[in-house]
Amino acid sequence: MPGAVAGRLDGELVVGGQRAGHDPQALVARQVGIVFQDPESQLVMERVDDEVAFGLESLGWPAPEMRARVPEALAGLGLAGFARRRTARLSGGEQQRLAIAGVLAPGPGVLVLDEPTANLDPDGTRELAARLAAMRADRSSTIVLVEHRADLVWPLADLVLALGADGRPIALGPPEVLLERHATQLAAAGVWLPDVPGREPSALGPTAPVSGPAGGRPFVEARGIGFAWDRARPILRGIDLELAMGDRVALLGPNGAGKSTLGRIVGGLLRPTAGTMRLAGGDPVRLPARELARLVGYVFQDPERQFVAATVRAEMEAGLDARGRAGVAEVAATLGLPLDAFGERSPYSLSGGEQRRLSLAPVLARRPGLLVLDEPTYGQDRHGYDLLVAFFRARVASGSAILVATHDLRLVADLGARPFVLTPTASGAIAA
Amino acid sequence: MIAVRAPEDRALASPIGRTSPVAKLVLVGMWMAGLALTTDPRPPLILGAIGLAASVGLGRVRLAALAAALAPLGFAALTVGFFNAVLNPANGDASLAALVSLGPIRLTAPAVGAGAAIACRVGAVAVLGIAFALTTDTTRLVDALVQRAGVPERFAYGALAAFQAIPRLAEDLVSLRDARRIRGLRASWHPRILVGLLVLAIRRADRMAVAMDARGFGSGPRSRYRVERGSWSDVAFLGAGGVILVAAMLMGR
C-alpha cells in the first residue's frame with residue numbers, strides 16, 4: 001500500500017495483476033489484506049460483527065452477501081458466537097484474530113501479517129499460530145508474515161526472505177535451505193534463528209543463572225499485596241514477594257493478570273489496596289520522587305511512553321543533580337548515542353533501536369538498586385536483544401535486583417530469573 | 001481503570017434505545033433550544049424530570065449508572081446556580097429584604113430565584129445529554145448520521161475510531177506521569193506530558209488511518225451492513241416529545 005506511507009518505491013510490485021502504488025487503492029485493497037502489530041489501533045467499530053463488515057462495506061459489497069460472509073469469516077477464526085461482543089472487551093489474542101477475520105472477509109489473495117503476535121501473551125500466540133497453520137494447509141490465500149521471532153514463523157513458512165539492515169535481501173529460500181546455507185550470515189545480521197539442537201542458543205553463551213550477593217534484609221518486601229480499582233473485581237490478591245540485591249524475578253501470566261500493576265506497586269508508582277510494600281525498608285509510595293528515582297529504574301515496552309524531555313540531552317539529564325549531569329556524556333557514549341551527534345535531536349525522531357537505548361540512560365546514570373522492566377525485549381532483533389541482556393546482566397552483577405514482567409521465556413532464562421506466575425481468576429490474581 | 005461510560009445492552013434494547021438516534025438527537029436539540037429560551041425554572045424542572053423518568057422507565061437505564069454519570073454534572077449545575085445567586089445585581093438593591101446576610105454577602109429573593117432557575121436549566125441540559133448517551137449505541141449513531149443526516153462518511157467513521165481510542169489516552173497519561181515520577185520529576189502536571197500524549201495519539205491515529213485505508217476505506221461508494229430506516233415509532237417519539245416541550249414551555253409563562 002505504498003500510497004499511504006511517505007517514501008519512495010523503486011522497482012515494480014504487482015499483486016494479483018494490480019500494480020501497487022499505481023492502480024487505485026481500492027483495487028489493491030481487494031487483493032491484499034494487512035494485519036498490523038497493535039490490535040487496538042486497527043479495530044474501528046464497537047462490535048465484532050460490525051468490525052468484520054467494515055471492510056466489506058468499504059469495498060461496496062451488497063448487504064445480503066455481507067450478511068452471509070460475516071459469520072463465515074468469524075467462524076473461520078474461531079470467533080463464532082462473538083458477533084455482538086464489544087471489540088474493546090476481547091482479549092488481545094481474540095482482538096488479533098478479529099482483525100484477521102476482518103481483513104480476510106473480502107477474500108484477498110494475499111494476507112500480510114506485520115508482527116501479529118506483538119502484544120499477545122503465549123496463549124494468544126499459540127491460538128494465532130494454530131489458525132495460521134490451518135490457513136496454510138487450506139491454501140486459499142498467500143500469507144506474508146513479517147516477524148522478528150523465528151520460533152513462531154519458521155515452522156509455518158514455505159519460503160523465508162531475510163532482509164538486512166540496509167533493506168537488501170540476505171537470502172530467499174525454503175527455511176531448511178536458509179538454515180543450512182546462510183545461518184552464520186543471518187545470525188551476523190541480527191536475524192533470529194530457531195533453536196536447533198547442537199547450535200549455540202545465544203551469543204552470550206550458556207544461560208546459567210547470574211550469581212548475585214546473597215543474604216541480608218531483602219531489598220524488596222511485599223506482604224499480602226492486593227489491588228482493586230473496584231472492590232468486586234480485584235486485580236491482585238495475597239501477593240508475597242521478596243527480592244534481595246542481585247535477585248531476578250520474572251512475572252509471568254496472561255495479559256490482564258496484573259503483571260504491570262504489580263510492577264507499578266513494587267516500583268512505588270501505585271499504592272496497593274491491601275498488604276504492605278517495603279522498598280529499602282520504607283514505603284515507596286510515600287517517598288519523594290527524587291528519593292524514589294535513586295532506588296528504582298523503569299524500562300517500558302514502548303520507549304515513547306517514558307520520554308520526559310524535548311531533546312536527547314535533556315532526556316538524559318532529567319532529574320539528575322549537577323554531578324549526575326556531568327556524567328551524561330559518558331552515559332551517552334556508552335549507549336552509542338554520542339551527544340555531539342544526538343544531543344539536540346528529539347527523542348521521538350530516533351529509530352526504534354536508538355529509542356530503546358535512550359530509555360536505558362536513566363538506569364545507567366543513577367544505578368538504582370531495583371529495575372522494573374515491562375516487556376523490555378519485544379520487537380528487538382537479535383542484536384538489540386543481546387545488548388539488553390548484556391546491559392541487565394551487568395546491572396545484576398553490580399547488585400541491582402530485577403523485576404521483569406514478560407512473555408519472553410528466553411529472556412527469563414537468559415537472566416536466570418525466578419518465575420512468578422500470576423493467574424487471573426474470578427477472585428483476582430493468585431501467585432502460583 | 002478509566003473507561004468511557006458505555007450504554008448497557010439492556011438500555012440499548014429498550015424502546016428509547018431502539019428509537020432512531022437521529023430522532024433522539026433532533027428531540028434533544030429541540031428541548032435544549034427550548035431550555036435556552038426560557039428563564040423560568042418550571043420548564044427545565046418539568047423537562048428534566050420527564051427526561052429522568054423516561055430514561056429509567058422507557059430507556060431501562062440502571063439508576064446507579066444514571067447517578068454515576070449525573071453526579072459531576074449535577075455538582076456543576078449547583079455551583080453555577082450558587083455563584084449566579086451570590087453575584088446577582090439584585091443583591092445590591094437596598095429596598096429588597098435580605099434572605100441571608102453574611103458579612104459582605106447578601107442574598108435577596110430575586111437573586112436566589114435567578115440562581116435556582118439557572119441551576120435547573122444546566123441540570124436539565126445535563127440530564128438530556130446523559131439520557132441520550134446512555135441509551136444510544138455509538139455505531140448506530142454514526143450509521144444513522146451518515147445514512148439519514150448526510151454527515152460525510154470519512155468524518156463520521158474517523159470520529160468513531162477516535163472515540164474508541166479514548167481509553168488508550170487515559171493509559172498513556174498514567175504511563176507518562178509514572179515515567180516522570182520515576183525520574184524524580186514533578187509528576188502532577190507539566191507541558192511535556194501534553195506533548196507526550198499528543199505524540200502517542202498521533203502515532204496511534206496514523207496506524208489507525210493506515211489500517212482503515214488498507215481495508216479500502218474511502219476508496220469508493222460504500223455499501224451498508226446496517227440500514228437505518230425511519231419508522232412510525234420514531235415519528236411518534238418526535239411528536240410526543242414536541243407536545244411535551246410545548247406544554248412545558250407554556251407552563252413557564
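Chain A is divided into domain 1 (2-146) and domain 2 (220-306 + 359-431). The domain bounds come from an automatic or database domain assignment. This is a predicted model: local features need pLDDT of at least 70, side-chain atom pairs count only at pLDDT 80 or more, and totals for chains, interfaces and linings use all residues. Residues are numbered from 1 along each chain as its sequence is written, while chains are lettered from A and ligands numbered from 1 in the order in which they are written.

**Domains**

The C-alpha centres of domain 1 of chain A and domain 2 of chain A are 34 Å apart. Seven residues from domain 1 of chain A and five residues from domain 2 of chain A make the contact. Two residues are in contact if their C-beta atoms, placed from the backbone, lie within 7 Å. On the domain 1 side, two of these residues are nonpolar, two polar and three charged. Ala, Val, Leu, Ile, Met, Phe, Trp, Tyr, Cys and Pro count as nonpolar, Asp, Glu, Lys and Arg as charged, and the others, Gly among them, as polar.

Chain B is also divided, into domain 1 (1-136 + 228-253) and domain 2 (138-222). Their centres, taken over C-alpha atoms, are separated by 30 Å. Here 10 residues of domain 1 of chain B touch 11 residues of domain 2 of chain B. The domain 1 side has six nonpolar, three polar and one charged residues.

**Strands and sheets of chain A**

Chain A has 17 helices and 16 strands. Helices (H or I, at least four residues) and strands (E, at least two) are DSSP runs, numbered from the N terminus. Two strands pair if DSSP finds at least two bridges between them.

One open sheet has three strands in the order β3-β4-β5 (chain A), paired parallel. Its edge strands are β3 (32-35) and β5 (142-146) of chain A, and each pairs on one side only. Neighbouring strands of this sheet are turned by 15° against each other on average, direction ignored. Within β5(A), A:Val144 is the bridge partner of A:Val112. Helix α4 (residues 92-104) of chain A lies across β3 and β4 of chain A, at about 165° to β3(A). Axes are lines fitted to C-alpha atoms, for helices over the stretch in contact, and angles run from 0 to 180 degrees between N-to-C directions.

Another open sheet of three strands has the order β9-β8-β11 (chain A), with antiparallel pairing. β9 (236-243) and β11 (274-279) of chain A each have a single partner strand, so one side of each is left without a neighbour in the sheet. Helix α8 (residues 259-266) of chain A lies across β8, β9 and β11 of chain A, at about 130° to β8(A).

| Strand pair | Bridges | Direction |
|---|---|---|
| β4 (residues 110-114) and β5 of chain A | five | parallel |
| β6 (residues 160-163) and β7 (residues 169-173) of chain A | four | antiparallel |
| β8 (residues 220-227) and β9 of chain A | five | antiparallel |

The hairpin of β6(A) and β7(A) has five residues between the strands, and A:Gly167 takes a positive phi near 85° there.

**Cores**

Buried residues make up 45% of the 432 residues in chain A. A residue is buried if 20 or more other C-beta atoms lie within 10 Å of its own, exposed if 12 or fewer, and partly exposed in between; C-beta atoms are placed from the backbone. A nonpolar core is a set of buried Ala, Val, Leu, Ile, Met, Phe, Trp, Tyr and Cys residues joined through C-beta atoms within 7 Å.

The largest nonpolar core has 75 residues, and A:Val44, A:Val52, A:Leu74 and A:Ala101 have the most contacts inside it. Helix α6 (residues 109-135) of chain B gives the largest share of this core, 14 residues. Another core, of 71 residues, lies apart from it and includes A:Ile225 and A:Phe307.

**Where the chains meet**

In all, 43 residues of chain B are in contact with 54 residues of chain A. On the chain B side, α10(B) gives the most, with 12 residues. That side has 20 nonpolar, 10 polar and 13 charged residues.

Helix α7(B) has buried residues including B:Leu141, B:Val142 and B:Leu145. The buried residues of α7(B) pack against α2 (48-58) of chain A together with α3 (21-37) and α8 of chain B. Just after α7(B), B:Gly150 takes a positive phi of about 70°.
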